[in-house]
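User: I would like a close look at a single part of this model. Please keep to geometry and contacts, and give the cut-offs.

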Amino acid sequence: MRSFREKYVVNTLPPYMQDSDLGPVVEAYDNKADRSWGCMAGWWLVVLIGLGLSIANIFTSTEGYAKLTLVEQIAPFALVVVDIIVHFVLLSRFHTCQRIFVCQRGVQWDKYNRRSGRIVQSRTVYWEQVDNVVSKKTRRYTSSSKNNDDVREDRYQRTIRTLEMNAPHGATLLRLTGKYSNEHDQEELFTWIWFAVKAVELQWACVQLPQLIHRVHEEGQLVMPVKGSHALCLTPETISYKDKTINATNLVMRWRAKDESLGLRDDSEKRNMVQKLLNLKELSIPVSTMPNGCLVQPLILQLYGVQIST
């Protein structure tokens, strides 16, 4: 499938990033390609319709303008004033863009005005400051009645992607949020947030995986908090979660939901048709909400050589 990645890539680095102490830029993305005049055009259409109805009310009034109520007299002028205010608010939002530079030693995030080039907000985060990365994916649905009130169906709206880079003491160093309408994760339907998040995840894995693998072999285990009091425990030979332990030689891994839930099972345990259909005897790791959940799949791959099963 065709990818729209190229339209978000920053091809020319600004001067301050060409010799930054963050090191060489690995990937850089800008969301200005997602800026659209649609919202502003829709607002102008609503205003013109309202203004037209107000003027029509004046000219069709049998009592004349002076006989109209005060509200009817000032409504057209108030609408114009509100329109001007909203116009400049929308124009400011249209020209405000985000870009992210993922570098060898950290991340630079900017919010800037695309017309003037002026940076209105920025954040620099070094990898050494980061304790964990939470990469969350949430699908939003709305329920609607079908045929009658007893039958309802969930209709997909959008997907929210949120990435948080957190310090050891819990403070959020950088938070990125974006959305796209892409229920089945088709490559050509992703917006800039997907590519920005994936770039951070990939570089964070390059920084962290060697250290985590070293800890597994040197200390004999690695414990990764998952949710509540639960934790994922990895040793050189096994992987454990809740009350189940799987030998690495029998481990099968698959995505139950891409970037959301990782399924792990013991291939030596036979399952009947019902157990396969209901995914029984399978561990479900909610990587979307766990600290460093984006590292679980590549860590298992490097530790045990286990590929994602289809």
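User: In what order do the three strands of the open sheet come, and is their pairing parallel or antiparallel?

Analyst: This is a predicted model, in which local features need pLDDT of at least 70 and side-chain atom pairs count only at pLDDT 80 or more, while totals for chains, interfaces and linings use all residues. Residues are numbered from 1 along each chain as its sequence is written, and side-chain values use heavy atoms, with hydrogens and water left out.

The order is β12-β13-β14, and the pairing is antiparallel. Strands (E, at least two residues) and helices (H or I, at least four) are DSSP runs numbered from the N terminus; two strands pair if DSSP finds at least two bridges between them. The edge strands, each pairing on one side only, are β12 (251-257) and β14 (282-285). On average, neighbouring strands of this sheet are turned by 25 degrees against each other, direction ignored. Axes here are lines fitted to C-alpha atoms, for helices over the stretch in contact, and angles run from 0 to 180 degrees between N-to-C directions.

β12 and β13 are joined by six bridges, and W255 has L262 of β13 as its bridge partner. These two strands form a hairpin with three residues between them, and D259 in the turn has a positive phi of about 65 degrees.

Six of the six residues of β13 are buried (under 20% relative accessible area; exposed is over 50%, partly exposed in between; 1.4 Å probe, protein chains only), so the strand is largely enclosed by the rest of the structure. S261, G263 and R265 point one way from β13, and L262, L264 and D266 the other way. In a regular strand the side chains alternate between the two faces of the sheet.

Helix α6 (residues 296-304) lies across β12 and β13, running at about 165 degrees to β12. Leaving aside neighbours within four places in sequence, I300 has contacts (heavy atoms within 4.5 Å) that include L251, M253, L262 and L264.
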